[in-house]
Amino acid sequence: VVENVTLTEVERQLGELRAAAGEPDELPRLRTSVMTHMAWVPERWVEAATETLAGLAERHPSRTILLFPRPNEERDALDAEVDLRCFLRGGEEREVCSEVISIRLCGKRASAPASVVQPLLVPDLPVFLRWRGQCPWGAPELEELVDVTDRMIVDSVEWPDAERAYARLADILDRVVVSDIAWARTEPWRRAVAELWPDVAGAEEIRVAGPRSEALLLAGWLGARLDREVELRHEAAGEIELVEVDGRQAEPVRQDRTTSSDLLSDQLEIFERDRPYEEAVRSFSSAAT
Amino acid sequence: VTQAPPVPQENPLLVGLRKRRQAEPCAITIFGASGDLTQRKLIPALYSLAFRNLLPENFGIVGVARTEMSDDAWREKMQQAVKEHGRDEFRQDVWDDLANGMRYVATDFADDGGEEHIVRCLNALDEDRGTAGNRVYYLAVPPAAIEAIVVAMGKRRSAEGWTRLIVEKPFGHDLESAKHLNTVIREYFDEAEIFRIDHYLGKETVQNMLVLRFANGIFEPIWNRQFIDHVQITVAEQLGIEARADFYEKAGAVRDIVQNHMLQLVALTAMEPPIDFTADSVRNEKVKVMKAIHTPGPKHVVRGQYGPGYIEGEEVPGYREEERVAPDSMTETYVAAKLFVDNWRWADTPFYVRTGKRLPRRETTIAIQFKRAPHPPFELDTEEGLRPNVLLIHVQPDEGVSLAVGAKVPGQGMTIRTVHMDFLYGGAFRTGLPEAYERLILDCLLGDATLFTRADEVEEQWAIVDAMVAPWKRDRPSFPNYAAGTWGPAGADELLHRDARSWRRH
């Protein structure tokens, strides 16, 4: 890690890495990007984020910008590390590389991250932002990054008070498209509940044994889709184990266990808005008012 | 009387859920179940579909072949095949689930009881596995065996559910036999139930050709005779004929590759934009290309046969020395041709195509060579410098697209060198490309025939091939005329030299 760097220096390092790649008698390495992938990683999420990324780069070659906020450090500086991750796929002769830029934003630099990432975004390609942990609603770092992002990816299971958080999330849905990994986990269950149609057209209660966030999303979704009040009966569990609508049990098709990399990876392939998700989230906003 | 509240027709809960391509319950019967194709491609493809939960939950496989074998012995053999040839890790639970629905029937169709065994086995699967009378018959058998199976199974169509028929290539051996086969099959099956497979169409890069052309605004305006000088399509194989001498002696390169794969690549390159991506729209446009292909005269077709030579440093025998090949065989292992598509878009633009066995490397490419820049304003150090742009579509290996552009060599003077801008398919989408057979089998289970060949298309292909080979009956070239490990006979080079062009450098 080089301490106290300028972004010009970061770009110069990237250029050097690209030029140095490959031995003289080898085919040049290819640099491929399908997006810029930013991740905002507060200290307590570093380990989980690194693990997820390790399984991700190969599926989504992109310029990855990891932002590690350190607002409590005394010095105002950027520390950066630039790395090239290269992969060789079976049967192919040429390595494919993508760039990973890790930046520590120390002191006040942590509150103006957009000005740090903007010079590093790959032109013309979509920008995805993975926000780890609770979102600091209204804080400048979130507001700024949302404005340079096409799609924000969160996992609302990481939020301590999801119900209140959904109400705040609803406020930014007009500015940025949001993917929620918790919502993705509910997909097989939503599909199974949809199978119960039309018996559940007049649903009054949904019972969910699973994480609170996912239970809330399922209840919000069912209410919004049916345009009626649906009461949630929730029992805590590590993952969804049971969903019942008015006593009718939903039976999802067998699903392979997916890693956090797979779940994030799937979200990186989606570009359109997810209206039913937005409606589910907005239902908490109207409940709050 | 109280009335129940009205229930909307559409299910609002399905909104936003991504539509899954989920096939209906069915059983697939593979004729030729002990063959190479079944072991190397079909069963591994079915395993990969099961691995991804893409098969219906109620699914069964019936293997049919001559060899006497028990269900368990066949399952065991297929398990080995999946371990050896599958692209996914072997998972016992996935395999067990698939294997539970696997049955084997030994018959050679000479004995009348064979087809009854198959029907009984399928009916039992309907009971045991809930396959609902839906049938797919996969004919992975030599052409001579097709008719008997079609008649036998056509007479015993299941009373319930749908029936589909997948027919492997080659579909006939000339126009007459293809027409006859079409007539026989259509006696029992409707055209919408017939899936003539050409696995090239299942390849991602071949489908990407349609995306490249019709989803990008920059290519289509220049995709015509005004801007394109000519097109070169190469289907090169490094392998010899392996153990396929019996088939290859009768087929040769023209029936093995040109009639199907090569003409498909020509059609996809030359076709007009279809109005949508439905089976008939796409196939209508492809048929129009076939109809527009000018019958190539004898001077526009070159054939060859490989003699002994070297592949990757290893000495390999000539074609006539291969096992089970006649020592005076006149079968061609190489064909090059100059084709013209006589329509508004392509008039006078040659399509040079070539295919051969025992060429220096395995490669399938479509090269679109654009016209030269009309007037170079530079004083060039060498004439070589300013070469025409080439858009190169790599079908295999290293799937992708590259564009050759001229760039200035840094330094004094104006030296220009051709550099490649590459898009490597596997580099941008690293999900692992599905095998062609996975895509095609799933499409058939879903009833989507877009990537299969229609009757009129296959007949047009044979009409072209028949015209190419007709003059061959009259002359006997001196075979072998190229050494294994070289790029084909001298005549193929002359074919282009006459037009002041040359084959792409490798």
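Me: Which residue in β4(B) is the bridge partner of B:I30?
Reply: Happy to start there, keeping in mind that this is a predicted model. Strand β1 of chain B covers residues 26-31 and strand β4 of chain B covers residues 135-139, and the two run parallel, joined by five bridges. In β4(B), the partner that B:I30 bridges to is B:Y138.

Me: In what order do the six strands of the open sheet in chain B stand?
Reply: The pairing of β1 with β4 in chain B is parallel, and parallel pairing holds for the six-strand sheet as well. Neighbouring strands here are turned against each other by 20 degrees on average, with direction ignored. The order in chain B is β3-β2-β1-β4-β5-β6.

Me: Which strands of chain B stand at the edges of this sheet?
Reply: Look for strands that have a single partner strand, so that one side is left without a neighbour in the sheet.

Me: At about what angle to β4(B) does helix α5 of chain B run?
Reply: Helix α5 of chain B spans residues 143-155. This helix lies across β1, β4 and β5 (163-167) of chain B. Against β4(B), the angle is about 165 degrees.

Me: Turning to chain A, what share of its residues is buried?
Reply: Chain A holds 10 helices and 12 strands. Buried here means under 20% relative accessible area. Of the 289 residues in chain A, the buried share is 54%.

Key: Residues are numbered from 1 along each chain as its sequence is written. Chains are lettered from A and ligands numbered from 1 in the order in which they are written. This is a predicted model: local features need pLDDT of at least 70, side-chain atom pairs count only at pLDDT 80 or more; totals for chains, interfaces and linings use all residues. Side-chain values use heavy atoms; hydrogens and water are left out. Helices (H or I, at least four residues) and strands (E, at least two) are DSSP runs, numbered from the N terminus. Buried means under 20% relative accessible area, exposed over 50%, partly exposed in between (1.4 Å probe, protein chains only). Two strands pair if DSSP finds at least two bridges between them. Axes are lines fitted to C-alpha atoms, for helices over the stretch in contact, and angles run from 0 to 180 degrees between N-to-C directions. Contact means heavy atoms within 4.5 Å.
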